[in-house]
Amino acid sequence: MIVLFLLALSFLGIVSTSHLIYDSIYSFGDSLADTGNFLLSGALAFPVVGKLPYGETFFHHPTGRCSDGRLMIDFIAEACGLPYVPPHLAISKGQKFRHGINFAVAGATATDAKFFYDKGIGPLLWTNYSLSVQLGWFKQFKYNLCNTKQECEKFFKRSLFLVGEIGGNDYNYPFFTGGSIKELTALVPLVVEAIAAATSLLIEEGAVELVVPGNLPIGCSTIYLNFFLSTRKADYDKHGCLKAYNAFSKYHNNQLELALDGLRHKYPHARIIYADYYGAAMKLFHSPLHYGFSNGALMACCGGSGPYNFDYTARCGYNGSTVCSDPSTYVNWDGIHLTQEAYRFIAMALINGPFTSPPLRSPPL
């Protein structure tokens, strides 16, 4: 029943007005983009994603999305006039789905799971379906559509490839097990290399239009604010975000942009678009009231207790948690993920500018 329901949802997203000119969307990444793969894989590490209040706002059912409603990929699909992108694990073998497939899995990492098992934190992973596994799924699926590189470039000419967001979990797992900013700074080149290699592989497989997002400002994330609560006022900016962790996100993003510049020189025929999730999201964290988020940007809508309504032992959907009456007035949904309205805001900032470079609204090559 879950598979049939998720497939049915893929046909609900057509809107009358489209702003982007793409025929299909292929997505890779983690919970910011996953439309059901994690749930279909069992969701053992986070089973509440398959229960209300997840999905309550728009779908009125849990869909496997880690939010109260739609994600950025859903708003991008609407802007293209396309159906919502179905999760790969809901597709039967041999089905083509020419409007695209979503390979993203909540909890996924850019680097392979083996890296984390070698570090002794592998058991904490939500999933072993890392970016390389998702790319393997795509390569298998692609044979239903095209074969030679020339044929695939022609087929994918009007396809949008969303390469992430990915990489955030590569830092989350070690940060929450005691890793320092200094230690994780040394990990950034490895994560960026994995994202760049995935982008390169997709281009070699025929992709010509690719969006590669940077990371969100983790210093404004509710879970980070809760875990790294400080008594030192100097650790926070004037908006209540942790300065050092936001600086870390900016460092990752700067390194990713440099890597993408290199790929643009290597593949001049492809359009590689950097999506500035950090810049778009910071508008919300700087001025939530201005954009209609009357309950602010740092407090979770669904959660437990404490200064940010986040308690790891009473997370959203678990015993002891409560859910707010109007998620649209919150930026943060469950302490980890954002609300539908926050995702809508960021998606519109990407579509309408100026947070994609080159602009997403430019005609496909």
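Lys and Arg count as positive here and Asp and Glu as negative, with His and the chain ends not counted. The place of a charge is NZ of Lys, CZ of Arg, CG of Asp or CD of Glu. On that basis the protein chain has 27 positive and 27 negative side chains. The centres of the two sets lie 4 Å apart.

A word on the model. It is predicted: local features need pLDDT of at least 70, side-chain atom pairs count only at pLDDT 80 or more, and totals for chains, interfaces and linings use all residues. Residues are numbered from 1 along each chain as its sequence is written, and side-chain values use heavy atoms, with hydrogens and water left out.

Now the fold. We have 13 helices and eight strands; these are DSSP runs, H or I of at least four residues for helices, E of at least two for strands, numbered from the N terminus. The C-alpha atoms fill a box of roughly 60 × 45 × 40 Å along the principal axes.

How much is buried? Buried residues make up 58% of the 365. Buried means under 20% relative accessible area, exposed over 50%, partly exposed in between, with a 1.4 Å probe and protein chains only.

Next, helix α11, residues 243-266. Its buried residues include Tyr245, Phe248, His252 and Leu256.

Last, one residue. Gln134 lies in helix α5, residues 131-142. Gln134 is buried, at a relative accessible area of 0%. Leaving out residues up to four places away in sequence, Gln134 touches Phe28, Gly29, Phe103, Ala104, Val105, Ala108 and Tyr129. Contact means heavy atoms within 4.5 Å.

Technical notes: Expected span 1.5 Å × (residues − 1).
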